[in-house]
Each structure stands twice: as structure tokens, then as C-alpha cells.
Amino acid sequence: MKTFIRHDIPKLERVTHPDGSRLYNTPSGRSYPSVTTITGFQSKQGILEWRKRVGEAEANRITTRAANRGTRIHTLCENYLLGKDVEPDMFDKGIFESISPFLDRIDNIHALETPLYSDHLEVAGTVDCIAEFDGKISVVDFKTSAKIKTRDNIHGYFMQCAAYAVAFEERTKIPVGRLVVIMGVDNEDPLLFLEKRDTWINEFIELRTTYKKLKGI
């Protein structure tokens, strides 16, 4: 049974900006774009080029499948950490069983699918997990992939986790210096990436500044 540490973190209202991007209304009365909107902004051009290359129908099929599987795996991880019975279906069983040993290394959970916001970064979002991983408090992110990825492929994931680390410290005064990305890969061994918040937060801040200049939010 995992240990949970409770914090009084307010819920956020999610709304849609006229340009289609996701915003969160915060208790301070300010509205912030989501962390993933900022990190996705960096790769938007590459995604548009990929969609053009494979065609809209195929791109929609791939992205919908990936999003649905990602949601299912997130739910399985959350329920597993909550101590609930977990029965992945035949499509998710292999990936979930490959990453579950990493979940066993998580304890003293401070946040699980928890909304966070940062007035310093002017962003908000929902963090997968903040907990001790191998005894050290970390932002833990659960990912799935159809193929093996390297550290250079996933800078956005590290920036995302770094932003959540800052937001969590603002809300609780508890510093989180380590980032953990657990990635299940189709028909391959799972991947584990360990990074430091301070390696990635400045890059996120630069991207956030560029986004605000271009979008005005």
C-alpha cells in the first residue's frame, strides 16, 4: 500500500481560448495556457509537416489511437498506485506489465493527476505524479510510444516536468529537483529517463516567453 501526503491544492477550471488552445482559470482570477500547450508549440511545425506527409486521415487515425492508449495507460498507472485492482485489456497488457516494476519504486505520493498552476511561469496543467522515486521526491510522468525514443527526442517531456516541479513548489513550498519519465514502448523494453529540473526550466521559460509574445497570453 502506497503512502499519500495530502496538500490543499485548489481545483482549476479548464476553458478553451478562441484560437482553440487550452486555458486554465486560476483562483487568482488569471487564466494561463496549459503546460502542454507551451511544450507542444515548439513541435507544432514538425507535426504539421508530418500530417501533410502522411495525409489527414492517417494522421488522425494515428493520433487518436495514441491519445486513447495514453489515456488508458495513465488510468491504469493511477489505479495501480491507488491500490485498486488493475486488469489491462489485451492491447495494453504488454506495455503496462513492462512499466509496473517502475511503479513499484514509487511511494510517498504528493500528487496524482493533480491540477497545478504557476504564477511565476504563467502556466497551469495536470501533473501525472509527484512522489518519491527510489526515495527521492520527483515529478513522474507516464508516457507510451510506438517506437524507442532517445533523450534528444523528448526534450518537451523534460520541460513539461520541470514546469510542474516549479508549480508544485509554488503551491506547497516543497522543492522538487528530479524529473522521471517512465515510457512503455510497443514490443520493446520500457525506457526510464532521469533528469534534473534545473537542466530544463530555463528552456521552458524561453519557450513560454516566445509563446506570450506571439499569442498575447
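This is a predicted model: local features need pLDDT of at least 70, side-chain atom pairs count only at pLDDT 80 or more; totals for chains, interfaces and linings use all residues.
Figure 1. Asn108 belongs to strand E4, which covers residues 106–118. Its phi is near 50 degrees, a positive value in a residue other than glycine. As a general rule, most residues other than glycine have a negative phi.

**Figure 2. Overview of the protein.** This legend gives the setting for the close-up views. The protein contains five helices and eight strands. Followed along the sequence, these elements give the pattern β-β-β-α-α-α-β-β-β-α-β-β-α. Of the 217 residues in the protein, 44% are buried. Contacts may also be described by sequence separation: among those between residues at least 6 apart in sequence, 63% join residues at least 24 apart. The protein exposes about 11,600 Å², and carbon and sulfur atoms supply 49% of this area.

**Figure 3. The second largest pocket and its lining.** The space in the second largest pocket amounts to about 180 Å³. Its lining is made up of 13 residues. Those that lie nearest the centre of the pocket are Arg6, His110, Ala111, Leu112 and Thr114. Sorted by class, the lining comprises eight nonpolar, three polar and two charged residues.

Figure 4. Phe4 is located in the segment before strand E1, which spans residues 13–16. Its relative accessibility is 23%, so Phe4 counts as partly exposed. Leaving aside residues up to four places away in sequence, Phe4 touches Leu81, Leu82, Ile109 and Leu112. Leu112 is also one of the residues nearest the centre of the second largest pocket. A further residue of that group is Ala111. Between Phe4 and Ala111 the C-alpha to C-alpha distance is 8.1 Å, although the two are 107 residues apart in sequence.

**Figure 5. Helix H4, largely enclosed by the rest of the structure.** Helix H4 runs from residue 155 to residue 172 and has 18 residues. From its first C-alpha to its last, H4 reaches 26 Å, close to the 26 Å expected at 1.5 Å a residue. Because 14 of its 18 residues are buried, H4 is largely enclosed by the rest of the structure. Lys173 follows the helix and has a positive phi, near 70 degrees.

**Figure 6. Ala167, a buried residue of helix H4.** Ala167 lies in H4. At a relative accessibility of 3%, Ala167 counts as buried, because this value falls under the 20% cut-off. When residues up to four places away in sequence are not counted, Ala167 touches Leu116, Tyr117 and Ser118. Strand E4 covers residues 106–118. The C-alpha atoms of Ala167 and Leu121 are separated by 8.0 Å, while the two residues are 46 apart along the chain.

**Figure 7. Asn187, an exposed loop residue with a positive phi.** Asn187 is placed in the loop between strand E7, residues 178–185, and strand E8, residues 191–196. Although Asn187 is not a glycine, its phi is positive, at about 55 degrees. The relative accessible area of Asn187 is 80%, so this residue is exposed, because the cut-off for that class is over 50%.

**Figure 8. Thr199 in helix H5.** Helix H5 spans residues 197–215 and includes Thr199. With a relative accessibility of 44%, Thr199 counts as partly exposed. This class applies because the value lies between the 20% limit for buried residues and the 50% limit for exposed ones. The C-alpha atoms of Thr199 and Gly177 are separated by 9.7 Å, and the two residues are 22 apart along the chain.

Conventions:
Residues are numbered from 1 along each chain as its sequence is written. Side-chain values use heavy atoms; hydrogens and water are left out. On a 1 Å grid over the protein atoms alone, a cavity is a set of points where a 1.4 Å probe fits but cannot get out, and a pocket is an open set with protein on both sides within 12 Å along at least five of seven lines; lining residues have an atom within 4 Å of a point. Grid points are joined across faces, edges and corners, and a volume is the space filled by probe spheres set on the points. Ala, Val, Leu, Ile, Met, Phe, Trp, Tyr, Cys and Pro count as nonpolar, Asp, Glu, Lys and Arg as charged, and the others, Gly among them, as polar. Helices (H or I, at least four residues) and strands (E, at least two) are DSSP runs, numbered from the N terminus. The expected span of a helix is 1.5 Å times one less than its number of residues. Buried means under 20% relative accessible area, exposed over 50%, partly exposed in between (1.4 Å probe, protein chains only). Contact means heavy atoms within 4.5 Å. Accessible areas come from the Shrake-Rupley method with a 1.4 Å probe; for residues, only the protein chains shown count as cover.
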